[in-house]
Amino acid sequence: MKYIDEFRDGELARGLAKAIAAAVNPAREYRLMEFCGGHTHAISRYGLQDLLPSNVRLIHGPGCPVCVLPIGRIDSAIALATQHDVILCTYADTLRVPASNGLSLLKAKAQGADIRMVYSCDDALRIAQDNPQREVVFFAIGFETTTPPTAAIILQAQRLQLSNFSVLCNHVLTPAAMVHIMESQNDPAAVAIDGFVGPAHVSTVIGSGQYEGFVARYQRPVVIAGFEPLDVMQAILMLIRQINDGRAEVENEFTRAVTREGNRKAQGLCEQVFELRETFDWRGLGEVPLSALKIRSEFARFDAEVRYQVGYAQVPDHKACECAAILRGHKRPADCKVFGTVCTPDHPLGACMVSSEGACAAHYTYGRFRVEVVAPVDEA
Amino acid sequence: MKTYTRPLDLKNGRVDMSHGSGGRAMAQLIDELFARHFTNPILAEQGDGACFALPVGAGRMVMATDSHVVSPLFFAGGDIGCLSVHGTINDVAMMGAKPLYLSAAFILEEGFPLADLLRIVQSMAQAAREAGVPIVTGDTKVVEAGKGDGVFITTTGIGLVTEGIDLKPSNIKAGDKILVSGMLGDHGVAIMSQRENLTFETTIQSDTAALNGLVAAMLDTVPNIHALRDPTRGGLAAVLNEFAQASGHGMVIHEKAIPVRSQVAAACELLGLDPLYVANEGKLVAYCAAEDAENLLATMRAHPLGADAAIIGEVIADTNAFVQMETVFGGRRMVDWINGEQLPRIC
């Protein structure tokens with residue numbers, strides 16, 4: 001596969017692994033948080049931890065949009081589909097997230113709610129055009145990557161004068177969550193984070209410049225990296241070099257896609273359609289100020305929250321769930337009592353087990369043999 | 001006086017409730033469609049079931065059944081008809097048996113075009129003929145419009161296992177080699193590319209095929225194959241995990257050795273899927289002793305359905321029965337069971 005295999009070359013990876021091994025100071029630990037679920041997935045899927053020295057620890061951050069979506073928001077979506085009889089369109093991973101009363105969108109669908117999986121928000125708009133007699137709601141989730149397309153379909157719905165289409169907006173913002181993580185570092189139980197592998201696709205939209213204030217304020221290096229495994233290895237090397245030099249800068253490993261300014265057109269669309277929410281409840285992190293978007297009042301007729309007067313009730317996670325500590329890097333998945341027992345990808349209790357990009361799901365699916373293998377590996 | 005019966009309108013006609021009512025219309029459908037195309041001496045006896053003798057001194061028998069509900073009914077490289085024949089033949093063959101006979105039961109939805117049914121039946125007849133496994137009995141039911149999805153087909157097959165052949169997961173031992181018969185993921189990607197909400201241009205065709213010929217050749221060379229299975233739903237990952245659990249051993253596969261077409265890899269990349277979990281309908285996974293592996297591989301590669309066969313890994317002693325993969329990067333990760341299934345009805 002051209003343009004893909006080049007970024008998964010085993011030889012280059014071994015070269016980078018050697019460079020990392022040579023660069024690390026054996027006397028210290030390097031605790032690096034990869035913010036994005038996409039990075040978590042690449043690290044787990046390619047077994048990158050095996051290529052790193054033991055004093056380089058990767059901490060999986062909260063950048064998995066499905067994971068951080070709070071239960072109350074899914075309850076609202078289910079209510080729209082069951083009580084208001086709308087066609088609810090959603091991205092696939094969201095279907096399995098457990099909600100209140102033992103429900104999920106998938107279970108609500110099995111009970112007769114009209115819930116449809118879409119690959120793109122355009123599909124939701126098309127469903128609205130094809131079903132003029134039905135109300136159609138797009139359940140919009142995600143970070144800055146999925147936000148511009150949502151803005152674009154709202155503008156398109158306005159142009160088309162669609163009267164049966166609206167959006168339940170749950171878009172959240174990356175820099176606000178990174179700030180929240182650094183602010184919670186004051187917690188005595190916190191694991192100090194030495195540097196961040198910065199988001200890939202999010203940064204193509206917002207630009208690398210968006211992290212400059214963060215770096216100046218918290219004095220932690222951020223290296224923006226693509227989602228291919230070689231990108232992640234290269235970014236880790238760049239972070240280790242910055243930490244060794246005592247530097248805290250924004251560096252861009254993902255220059256093939258990310259500029260300092262980002263995508264101005266996408267930013268403009270978002271600015272036109274959305275405004276900041278004062279606060280938003282993140283699953284695992286709790287209330288984070290100025291961390292999410294809502295639809296501006298001039299587009300109220302496309303805002304499902306306004307249209308159906310959707311309320312929000314916070315629903316606490318399961319008591320034994322350690323997701324909050326895991327998402328902040330305070331604990332590892334295997335430290336959680338319910339990990340792999342009552343909480344598995346088939347029956348997730350907490351946020352991190354829900355999506356394949358979540359820290360616990362990635363560890364369960366790809367990495368748990370490292371802890372559990374007791375028998376010697378016999379290469380007979 | 002000879003009564004005139006208007007022939008079925010196979011061009012514009014549709015299935016109606018009378019085709020399942022037990023009356024003349026049903027008899028006509030069976031005569032003009034099923035019996036005409038599936039034609040063979042056993043079916044021609046028009047019994048309530050099929051009656052046949054077994055070869056003298058026949059060994060153990062194998063019986064397998066499989067329902068087919070694929071959507072769309074017609075896809076690149078095949079349709080529900082040939083799929084329903086191949087699927088059951090393969091299940092019988094994976095037991096090390098020579099498939100002998102098939103049955104076919106149809107659940108038709110009122111309003112289903114007879115022209116489509118004709119295409120499906122012709123495709124089944126051709127698949128059965130090519131595989132040398134006749135369809136000797138069948139059944140037809142019609143459900144009201146809205147209570148089915150065009151057509152569902154259940155096929156059952158029986159076959160004979162030659163003396164000395166005994167394929168089962170408990171034969172699998174640490175040190176065994178794991179082989180696959182060709183490129184993985186073609187069927188799943190071909191189906192997905194034609195889904196209503198997922199149209200993308202691709203030249204990938206379903207790999208649907210009857211594997212009884214390949215299996216016979218493999219058993220000729222290595223009668224002591226330990227186990228076989230076709231990686232359909234859940235893909236290679238499901239087979240490896242099923243065998244790991246059933247045998248109580250771990251498995252290690254090597255990502256570099258796994259044959260995947262670049263178009264399939266690209267489609268999976270686009271859709272966020274892993275080819276290890278994507279369905280196949282004309283591939284098999286084989287386990288054999290290490291000393292037999294090269295011999296078995298050569299036999300598979302000499303067969304048209306095994307041209308891209310490869311040795312992809314080995315069985316290890318591991319009481320956790322984990323399936324691990326050495327990635328192209330040289331790191332290791334688990335290959336777990338699939339979680340949920342977002343793309344229903346692929347077979």
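A salt bridge is a side-chain nitrogen of Lys or Arg within 4 Å of a carboxyl oxygen of Asp or Glu. The legends below refer to a predicted model.

**Figure 1. The two domains of chain B and the contact between them.** Chain B is divided into domain 1, residues 17-161, and domain 2, residues 169-334. To the contact, domain 1 of chain B gives 21 residues and domain 2 of chain B gives 20 residues. The centres of these domains, taken over C-alpha atoms, lie 27 Å apart. Between domain 1 of chain B and domain 2 of chain B, about 1600 Å² is buried, and carbon and sulfur atoms give 59% of that area. B:A76, B:N90 and B:M94 together supply 34% of what domain 1 of chain B buries against domain 2 of chain B, more than any other three residues. The count of salt bridges between domain 1 of chain B and domain 2 of chain B is zero.

**Figure 2. The domains of chain A, with the contact between domain 2 and domain 3.** Three domains make up the division of chain A: domain 1 (5-63 + 188-252), domain 2 (67-173 + 262-307) and domain 3 (323-368). Eight residues from domain 2 of chain A and 13 residues from domain 3 of chain A take part in the contact between these two. Their C-alpha centres are separated by 26 Å. Domain 2 of chain A and domain 3 of chain A bury about 940 Å² between them, with 57% of it on carbon and sulfur atoms. On the side of domain 2 of chain A that touches domain 3 of chain A, four residues are nonpolar, one is polar and three are charged. Zero salt bridges are counted between domain 2 of chain A and domain 3 of chain A, while three residue pairs are in polar contact, both members at pLDDT 80 or more.

**Figure 3. The interface of chain B and chain A.** In this view, 35 residues of chain B are in contact with 43 residues of chain A. The two chains bury about 3200 Å² between them, and 53% of this area is on carbon and sulfur atoms. Two salt bridges are found across the interface of chain B and chain A. Five residue pairs between chain B and chain A are in polar contact, with both members at pLDDT 80 or more.

Figure 4. In soluble globular proteins, nonpolar side chains tend to be buried together. The largest nonpolar core of the model holds 107 residues, of which A:F138 and A:F165 touch the most other members. Leaving aside residues up to four places away in sequence, A:F165 touches A:A124, A:L125, A:A128, A:V136, A:F138, A:I153, A:A157, A:R301, A:F302 and A:R307. Another core, of 37 residues, lies apart from the largest one; B:F106, B:V121, B:A131 and B:I135 are among its members.

Conventions
Residues numbered from 1 in each chain as written. Chains lettered and ligands numbered in written order. Predicted model: local features only at pLDDT ≥ 70, side-chain atom pairs only at ≥ 80, totals over all residues. Heavy atoms only, no water. Core = buried A, V, L, I, M, F, W, Y, C linked by side-chain atoms within 4.5 Å. Buried < 20%, exposed > 50% of the residue type's maximum accessible area, 1.4 Å probe, protein only. Contact = heavy atoms within 4.5 Å. Domains from an automatic or database assignment. Buried area = accessible area lost by both parts, 1.4 Å probe. Polar contact = N/O pair within 3.5 Å; in protein donor to acceptor, adjacent residues only side chain to side chain. Nonpolar A, V, L, I, M, F, W, Y, C, P; charged D, E, K, R; others polar.
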